[in-house]
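Hi,

Here is the structure I promised to pass on.

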Amino acid sequence: MVFYECMMTAKNTAHYNMLTALMKEISLKIVNNGGIVRSVQNHGIRQLPHRFKSKYADREGNRYYEKGRFISVFYDANPNVMRQVEGILNLDEQILRTTHLRATNKFMDVNNMRENKNLYVGKILEEEEASDK
């Protein structure tokens with residue numbers, strides 16, 4: 001399984017219950033396919049770097065947004081599940097932008113057994129060489 005970070009920008013006018021239902025749907029998709037949801041973080045409403053255009057105009061006729069709600073989801077899953085999550089987010093009209101990143105963590109360094117890539121194994125080998133002398 002791969003550790004992913006999904007950063008999404010939702011409309012600032014999106015209702016809290018709709019976003020909660022979307023996060024539950026994503027989490028359920030991940031867990032049902034053997035993944036693990038590590039955290040869901042709401043970063044709040046922030047000013048966007050430039051105007052974002054939504055796919056469709058909302059009830060008031062707004063199509064361009066200068067503020068947005070930023071949400072992050074950290075999860076472990078296989079690449080097929082990640083594509084399914086992207087599909088769910090692309091179909092939702094409350095989401096303006098999404099970005100999936102392959103996140104890094106300390107466990108990736110520890111699990112790597114190559115001596116030149118793993119800092120911890122390298123340190124242990126250096127200590128063993130120093131103690132042998």
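Predicted model: local features only at pLDDT ≥ 70, side-chain atom pairs only at ≥ 80, totals over all residues.

The protein has four helices and four strands, and along the sequence they come in the order β-α-β-β-α-β-α-α. There are 133 residues, of which 35% are buried. If you take the contacts with a separation of 6 or more, 74% of them join residues 24 or more positions apart.

Now for the inside. The largest nonpolar core has 21 residues, and the members that touch the most others in it are Met8, Ile26, Tyr75 and Leu89. At least two residues of this core come from each of strand E1 (2–11), helix H1 (16–32), strand E3 (64–77) and helix H2 (79–91). As background, nonpolar side chains tend to be buried together in soluble globular proteins.

Ile26 is a handy residue to start from if you want to click around. Leaving out anything up to four places away in sequence, Ile26 touches Met8, Val85, Ile88 and Leu89.

H1 and H2 pack with their axes 10 Å apart, at an angle of about 160°. Anything over 145 degrees counts as roughly antiparallel, so that is the label for H1 and H2. Their crossing is right-handed. On the H1 side the contact is made by Leu22, Glu25, Ile26, Lys29 and Ile30, while H2 brings Val81, Gln84, Val85, Ile88 and Leu89. By type, the residues of this H1–H2 contact split into seven nonpolar, one polar and two charged.

One more residue to look at is Lys55, which sits in the loop between strand E2 (36–53) and E3. Is Lys55 buried, exposed or partly exposed? Its relative accessibility is 39%, so Lys55 counts as partly exposed. Which residues does Lys55 touch, not counting those up to four places away in sequence? They are Arg63, Leu89, Asn90, Leu91 and Asp92.

Cheers

Key:
Residues numbered from 1 in each chain as written. Heavy atoms only, no water. Core = buried A, V, L, I, M, F, W, Y, C linked by side-chain atoms within 4.5 Å. Buried < 20%, exposed > 50% of the residue type's maximum accessible area, 1.4 Å probe, protein only. Contact = heavy atoms within 4.5 Å. Axes fitted to C-alpha atoms, helices over the stretch in contact; angles between N-to-C directions. Parallel < 35°, antiparallel > 145°, perpendicular 65-115°, else oblique. Left-handed = near helix turned anticlockwise from the far one by under 90°. Nonpolar A, V, L, I, M, F, W, Y, C, P; charged D, E, K, R; others polar.
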